[in-house]
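Here's a quick briefing to read alongside the model. Have the sequence and the 3D view open as you go.

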Amino acid sequence: MTFRHYPFGKQSKKSPISKTAEREFEREIRKLEQLEENAKKIHNDMQTCIEAQTAQSKYENQMLLNLTASSLYRDDEKLRALVDHWVQSTKKLELLVEELNATSQKVIVEPMRKIATIFPSILQAVKKRDQSLQEYSKCQEKVNKYVKRERTAQNVVKLENSRQACSIARTDFESQNNLLMDEIARLYDGRIMYIQPSLEALVKAQVKYYTDSQNTYRDLCSRLHIASSSPSPSPPPSPSSPIQNSAELKQSIKEKLAEIRALSITVNDQGK
C-alpha cells in the first residue's frame with residue numbers, strides 16, 4: 001500500500017485531538033505522497049530514456065549490418081567507402097551511449113530506487129501512530145463515561161484507573177506523533193539536497209555525450225564529403241567505341257574533310 005491508497009481523513013467525531021492538529025498531520029502526509037509519486041515518475045522516465053537510447057543505437061547498428069550485407073555495398077566501391085566511414089562513427093557513438101546510460105543508471109535510477117525504500121517504513125510508522133490514536137481515543141471515552149457516573153467508591157477507582165491509562169496512551173501517541181512529524185518534515189526538506197547532486201551529474205553526462213556525439217558526426221560529415229568528392233575509377237575505353245574529347249573530335253573531323261577535298265581535286269584533274 002502507498003500513501004495514495006491509505007485511508008486518511010477518517011477521524012472519529014470524539015477524537016481526543018483537535019481537527020486542526022489532524023489536518024496538519026494529513027497535510028504533511030500529502031507532501032510525502034507527492035514526493036513518493038515524483039520519485040517514482042523520475043525513476044520510470046529515466047528508465048524509459050535509457051531503454052530508448054539503447055534501442056536507437058541497436059537499430060542503427062542493425063541497419064548498417066543489413067547495408068554491409070547487401071550486393072550494392074559489395075559492388076559499389078564508392079558507396080562501400082562511405083558506409084565504412086559510417087560504421088566507424090557508429091561504433092564510437094555506441095560507446096558514448098553506453099557511457100551515458102551507465103551514468104544515468106548510477107546517478108538517477110539507483111538513487112530514486114533507494115529513496116523509494118524509505119516510504120514503506122514511514123507508512124508503517126503512520127499506521128502505528130493511528131493505532132496509538134485509536135487507543136488514546138478509547139481511553140478518553142472511558143474517562144468521559146466514568147466522569148458522568150455516580151461517584152461511588154467503585155466508580156471513583158475505575159475513573160482513576162481510566163485516567164492513568166489515558167495518560168499513558170496520550171503520552172505514547174504524542175511521542176509517536178511528534179517523532180513522525182519531525183521525521184517527515186526532515187525528509188521532505190532534504191529532498192532538494194538529495195536530488196540536486198544527481199541532477200547535476202546527469203546534466204554533465206548529457207553535455208559530454210552530446211558534445212562528443214556532435215564532434216563524431218562532424219568528423220563523419222567531413223570524411224564523407226572527402227570520400228564523395230574523390231573521382232571514381234573510370235572503366236577502360238572499349239576498342240569499338242573510343243572515347244574522345246572535343247579537341248580530338250574536331251581534329252578528326254578536320255582530317256577527314258581534308259581527305260575528302262584532296263580526293264575531289266584528284267578526280268577533277270583526271271577529268272581534264
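Ser 137 is buried, with 10% relative accessible area, because the cut-off for buried is under 20%. Keep in mind that this is a predicted model.

**Ser 137 and its surroundings**

- Ser 137 sits in helix α4, which covers residues 118-148.
- Which residues does Ser 137 touch, not counting those up to four places away in sequence? They are Lys 14, Ser 15 and Pro 16.
- Ala 169 is 32 residues from Ser 137 in sequence, and the two C-alpha atoms are 8.6 Å apart in space.

**How α1 and α3 pack**

- Helix α1 runs over residues 19-68 and helix α3 over residues 77-116.
- The axes of α1 and α3 lie 9 Å apart, and the two helices pack at an angle of about 165 degrees.
- Angles over 145 degrees count as roughly antiparallel, so that is the label α1 and α3 get relative to each other.
- As for handedness, α1 passes α3 in a left-handed crossing.

**Ser 57, on α1**

- Ser 57 is part of helix α1.
- Is Ser 57 buried or exposed? Ser 57 counts as buried, because its relative accessibility is 8% and the cut-off is under 20%.
- If you set aside neighbours within four places in sequence, Ser 57 is in contact with Glu 94 and Val 97.
- Val 97 is 40 residues away from Ser 57 in sequence, yet their C-alpha atoms are 7.5 Å apart in space.

**Cysteines and disulfides**

- A disulfide is a covalent bond that joins the sulfur atoms of two cysteines.
- How many disulfides does the structure hold? The count is 0.
- Cys 166 is buried, with a relative accessible area of 7%.
- Cys 49, at 28% relative accessibility, counts as partly exposed, because that value falls between the 20% and 50% cut-offs.

Notes. Residues are numbered from 1 along each chain as its sequence is written. This is a predicted model: local features need pLDDT of at least 70, side-chain atom pairs count only at pLDDT 80 or more; totals for chains, interfaces and linings use all residues. Side-chain values use heavy atoms; hydrogens and water are left out. Helices (H or I, at least four residues) and strands (E, at least two) are DSSP runs, numbered from the N terminus. Buried means under 20% relative accessible area, exposed over 50%, partly exposed in between (1.4 Å probe, protein chains only). Contact means heavy atoms within 4.5 Å. Axes are lines fitted to C-alpha atoms, for helices over the stretch in contact, and angles run from 0 to 180 degrees between N-to-C directions. Angles under 35 degrees count as roughly parallel, over 145 as roughly antiparallel, 65 to 115 as roughly perpendicular and the rest as oblique. A crossing is left-handed if the near helix is turned anticlockwise from the far one by less than a right angle, and right-handed if clockwise. A disulfide is a pair of cysteine sulfur atoms within 2.5 Å.
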